[in-house]
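Here are my notes from going through the model, written as numbered points. Have it open while you read.

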Amino acid sequence: MKKIVLFAISLAAAFCLSGCAQSPDWVTTWATALQIAEPHNNPPEPGLEGNSFRQIVQVSIGGKTLRLHLSNLFNEDETEILGVEIARAATMGDSPEIVEGSTVELTFGGQRAFTMAPGDELVSDPADFALAERENLAVTIHYGKISATRLTSHPGSRTTSYIAAGNTTDFSEPVARTDHWYTISAIDVIPLRPSAAIAVLGDSITDGRGTTTNGQDRWTDQLSRSLLSDPRTRDLAVLNFGLGGNCILRGGNGPTAQSRYQRDLFGPCGVKYVILFEGTNDLGGSRDGEKTAEEIKAVYRDIIREAHSRGIQVFGATVTSAVGSFYQRAGEHEKGRQALNAWIRESGEFDAVIDFDAITAGPDDPTRINPAFLFENDWLHLNADGYRLMGTSIDRKLFY
């Protein structure tokens, strides 16, 4: 098959960095934060090369037309794509089954097969597809040549993906499965009504550590469902840019929030609101919690300033407790957390405050997470009930 290298659809056009202004009808309905897959998060045998890979995502708002974003951002080698299809998924990820007759082939620059250069981010041609709100969409990629390491990935998918041997659409007996996403980065829609998006910057608590695999019950999912239940907010997409172990300033897993916020918050189409909910990992590794809090404030001020220049509102979310966790070191984490939370609540620099700290606090000891919401008693992450409370406790009036 002839190899097509699409230089015209490169990083400058990816993720709507220029396309949104030229095509204001598009709104991003699903997206994920990207990083290099760590060795233990690489695909299982037989790998992606020469095989077909089906990934399932649950979108937020629906639309009549969609386009898919693929990313080779962190790959050091070319990635050869032989074809891409979308279809309605039969489940939220428990199986690779799709709804019969719903498959649509996607093209990129008019081509079904193409090669992504290192660093490329490509967007598909628009495809007619009646996508419902909170619908499960299966994305099947048929790979040719692709590196076995240094893959562009979202490790914490909380959703099962499936590998089938060869270039095939038959996933009745997948040869491997993995709870990671690779190559996919976003889905845009042309919605049925005027719509907008909420972009959330976060760490493992936003990424969904402690939620149900294939349950689609992160706090952002719960917020999306809450918004959809209200006619005044039903046209708002919720985009989860959480990365497990992520830091705002330095270290941690994946690119820091400071280095990725331009892409993740201001790249998607139709962003009207931003929620900032990070800091636990920065403070947990700090030798001076109050100094670290000041550094975080400086980054948040930069984000607020740029967001406001774009007409985007920014909501600050207080950092939930880590008291009792492995991050409780000589009180530095807690001192920094209290200082940061006081600023978020009282500074007036945010357009609104979402007080996750108060929402998740224990009834007997408000400095700790409510024990009823703990995941594996780590005193850091919440369980599915805790995430449901977080998402449904956000006042929808903030978005009126």
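**Notes on rings, pockets and a buried helix**

1. Trp 219, Phe 277 and Phe 356 form one aromatic cluster. The pairing rule takes rings of Phe, Tyr and Trp (its six-membered ring) with centres within 6.5 Å, and calls planes under 30 degrees apart stacked, over 60 edge-to-face and the rest tilted. With that rule, the count is 14 aromatic pairs.

2. Before going on, the ground rules. This is a predicted model, where local features need pLDDT of at least 70 and side-chain atom pairs count only at pLDDT 80 or more, while totals for chains, interfaces and linings use all residues. Numbering runs from 1 along each chain as its sequence is written, and side-chain values use heavy atoms, with hydrogens and water left out.

3. (Buried is under 20% relative accessible area, exposed over 50%, partly exposed in between, with a 1.4 Å probe and protein chains only.)

4. Tyr 261 and Phe 266 make an edge-to-face pair, because their ring centres are 6.1 Å apart and their planes stand at 85°. Tyr 261 has a relative accessible area of 10% and is buried; Phe 266 is buried as well, also with 10%.

5. Helix 4 (residues 257-266) is largely enclosed by the rest of the structure, because seven of its 10 residues are buried. Helices (H or I, at least four residues) and strands (E, at least two) are DSSP runs, numbered from the N terminus.

6. Ala 197 belongs to strand 16, and Ala 197 is buried at 0% relative accessible area. Leaving out residues up to four places away in sequence, its contacts (heavy atoms within 4.5 Å) include Val 27, Thr 28, Leu 236, Cys 269 and Tyr 273.

7. Arg 67 lies over the face of Trp 26, at 4.1 Å from the ring centre. For Arg 368 over Trp 379, the distance is 5.1 Å.

8. On to the pockets. A pocket here is an open set of points on a 1 Å grid over the protein atoms alone, where a 1.4 Å probe fits, with protein on both sides within 12 Å along at least five of seven lines; lining residues have an atom within 4 Å of a point. The largest pocket holds about 500 Å³ and has 32 lining residues, with Arg 158, Ser 204, Asp 207, Arg 209 and Gly 244 nearest its centre. Helix 2 (204-207) and helix 5 (280-284) are the elements that give two or more residues to that lining.

9. The second largest pocket has about 170 Å³. Its lining has 13 residues, and those nearest the centre are Gly 62, Gly 63, Glu 133, Leu 192 and Arg 193. Strand 4 (63-71) and strand 9 (127-131) are the elements contributing two or more residues to this lining.

Methods. Points joined across faces, edges and corners; volume = space filled by probe spheres on them. Lys NZ or Arg CZ within 6 Å of the ring centre and 35° of its normal.
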